[in-house]
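Colleague: I am new to this structure. Please take one part, look at it closely, and then show me how the rest is laid out around it.

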Amino acid sequence: MNDTIAAAATPRQASAIGILRLSGPGAVSAASAVFTPAAGGRLEEQSPRKLVYGVLTDKQGRPIDQILATWSPGPHSYTGEDTAELQCHGSPAVLALGLEALFAAGARQALPGEFTRRAFLNGRMDLAQSEAVIDLIDAQTGEAARNAYGQLAGALSRRVEGVYSGLADVLAHFHAVLDYPDEDLDPFTAQEVEQSLSQALAGLEALLRTYERGGMLTEGVPCAIVGRPNVGKSSLLNALLGYERAIVTPVPGTTRDTLEERLRLGGVLLRLVDTAGLRSSDDPVERLGVQRSRAAIESARLVLAVLDGSQPLSNEDRAALKAAEQAPACICVVNKADLPPALDLGELAGRQVCMLSAKTGQGLEELENAVAACFPQGEEPAGSLLTNARQAEAAARAKEHLLTAQAGLAAGVTPDALLTDVEQAMDCLGQLTGRSVREDITERIFSRFCVGK
């Protein structure tokens, strides 16, 4: 990290403001080479962390924009290095010319996630906090944003550190008694180890239980819209999205494949999948669509089982309901409430039912409330949830090592062999926060970031 990086930190499209960001030992001098303060002097002569008005020039020194610039000395900056930012008008042409000028002044193009990676390597944030940055950028609901901010502020790291610290105390006590037998130290007992292992396991199990909720916040809830042909599944998808995403015709079987869209409903991020109508068919293309519909039901966390309220319940409806109710959560959506009712609601007794009209929008608010009730907000403090598979896998491996240690303790294994598993559990916890993480893992994590962050 002896070089200086630069990148546009805003999208390359016309906008009110565009930002060019630099980090590294030559960040301020490169910024000074392309920026002239209106009051005279150079950027590095101005007070740090204050916006300075001036002119941005291209690599030939020709003025191209009136901008604001600021710089921050390391280590008290985002990356822990000297940094600078140039706040231009959001013209793609201006940003491109500004970057060319910065490259000519000695900076190089930053790689995806390189600014945050430098912050991690310089100790400005740990790995869990680094992952929270991309979660915050990608957040599509208020709850997801609040959780990502909590992680960025260190809530998850503190939770993991509490378990790690308890295990470290066990190891420290063991080695102290072993290395200093003549000192007046409390004896190292199996009871103490069992208590510490139980506390650590309880903490890890509670942490692992947050993964389902955290995954729903970041990835969305898989939600399949199912039912027999022509009950209004595609119409419901279009009504929820607010635009014509799926083709709707009076002809049964129009939808032959699954369509997926993301939508916030009731404060919940849904991965909505519109499916082909569930029925027997001799058409090989339609049969393939039905197979995909059943696969979507199997992977769904929520199923919206759509019924035609203007017709009596059919055997195909009953079969679709039976398939839908295999999902963890199911809402019966009785569509076409704008038509004379013919469906006997008594046949849906014991099920969660929403009456609506995808055509007029009547009842959509009731469906929104039903979805929210299926996924109430958890009681965990914001930021303390596991939000990706890497974190959950590391926590699960730590738990397995502690279970092995606990079983060894019950079987009378010697402390030195027992504590090997404790050390391995600590190593897994270290991978959560970056205490002990391989280079290939960090490469994979930061490759998810955009250039400029």
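Modeller: Helices here are DSSP runs of H or I with at least four residues, strands are runs of E with at least two, and both are numbered from the N terminus. By that count the protein has 15 helices and 13 strands. The model is predicted. Keep that in mind throughout.

Helix 2 covers residues 92–104, which makes 13 residues. At 1.5 Å a residue, helix 2 should span 18 Å. The C-alpha atoms at its ends are 18 Å apart, which agrees.

Now look at what is covered. Buried means under 20% relative accessible area. In helix 2, the buried residues are Val94, Leu95, Gly98, Leu99, Ala101 and Leu102. They cover an arc of only 160° around the axis, so they sit on the same side of helix 2. An α-helix has 3.6 residues a turn, so residues three or four places apart point the same way.

What comes just after helix 2? Gly106 does, with a positive phi of about 115°.

Helix 5 runs over residues 142–152, and Glu143, Ala144, Asn147, Ala148, Gly150 and Gln151 are buried in it. Seen down the axis, these buried residues fall within an arc of 160°, so they line one face of helix 5. Just after helix 5, Gly154 takes a positive phi of about 105°.

Next, strand 6. It spans residues 83–90, and Thr83 belongs to it. Is Thr83 buried or exposed? Its relative accessibility is 14%, so Thr83 counts as buried. Neighbours within four places in sequence aside, Thr83 is in contact with Leu22, Ser23, Ala27, Val28, Thr70, Trp71, Ser72 and Ser77. Arg21 and Thr83 are 62 residues apart in sequence, yet their C-alpha atoms are 7.5 Å apart in space.

Take the contacts between residues at least 6 apart in sequence: 66% of them join residues at least 24 apart. Buried residues make up 47% of the 453 residues.

Pro75 lies in the loop between strand 5 (63–72) and strand 6. The peptide bond joining Gly74 and Pro75 is cis, with omega of about 5°. In general, most peptide bonds are trans, and most residues other than glycine have a negative phi.

Arg49 has a phi near 60°, a positive value in a residue other than glycine. Arg49 is found in the loop between strand 3 and strand 4. Its relative accessibility is 46%, so Arg49 counts as partly exposed. Lys336 has a positive phi too, near 65°. Lys336 is found in the loop between strand 12 (329–335) and strand 13 (353–355). With a relative accessible area of 21%, Lys336 is partly exposed.

On to charged pairs. The structure holds 18 salt bridges. Asp58 pairs with Arg62, with the closest N and O atoms 2.9 Å apart. Asp58 is buried, since its relative accessible area is 7%. Glu114 and Arg108 meet through their side chains in a salt bridge of 2.5 Å, N to O. Glu114 is buried at a relative accessible area of 10%, whereas Arg108 is partly exposed at 28%.

Another salt bridge joins Arg318 and Glu347, whose closest N and O atoms are 2.9 Å apart. This pair links distant parts of the chain. Arg318 is in helix 11 (residues 315–324), while Glu347 is in the loop between strand 12 and strand 13, 29 residues apart. Arg318 counts as partly exposed at 36% relative accessibility. Glu347 is partly exposed as well, with a relative accessible area of 34%.

Last, the surface. The protein exposes about 21,300 Å², and carbon and sulfur atoms supply 52% of that area. Leu51, Tyr53 and Leu68 make a nonpolar surface patch of about 280 Å². Leu51 is found in the loop between strand 3 (35–37) and strand 4 (52–57).

Note on methods. Residues numbered from 1 in each chain as written. Predicted model: local features only at pLDDT ≥ 70, side-chain atom pairs only at ≥ 80, totals over all residues. Heavy atoms only, no water. Expected span 1.5 Å × (residues − 1). Buried < 20%, exposed > 50% of the residue type's maximum accessible area, 1.4 Å probe, protein only. Arc of directions from axis to C-beta. Contact = heavy atoms within 4.5 Å. Areas by Shrake-Rupley, 256 points an atom, 1.4 Å probe, with all protein chains shown as cover. Patch = residues over 30% accessible without salt bridge, like charges linked within 9 Å, V, L, I, M, F, W, Y side chains within 5 Å. Salt bridge = Lys/Arg side-chain N within 4 Å of Asp/Glu carboxyl O.
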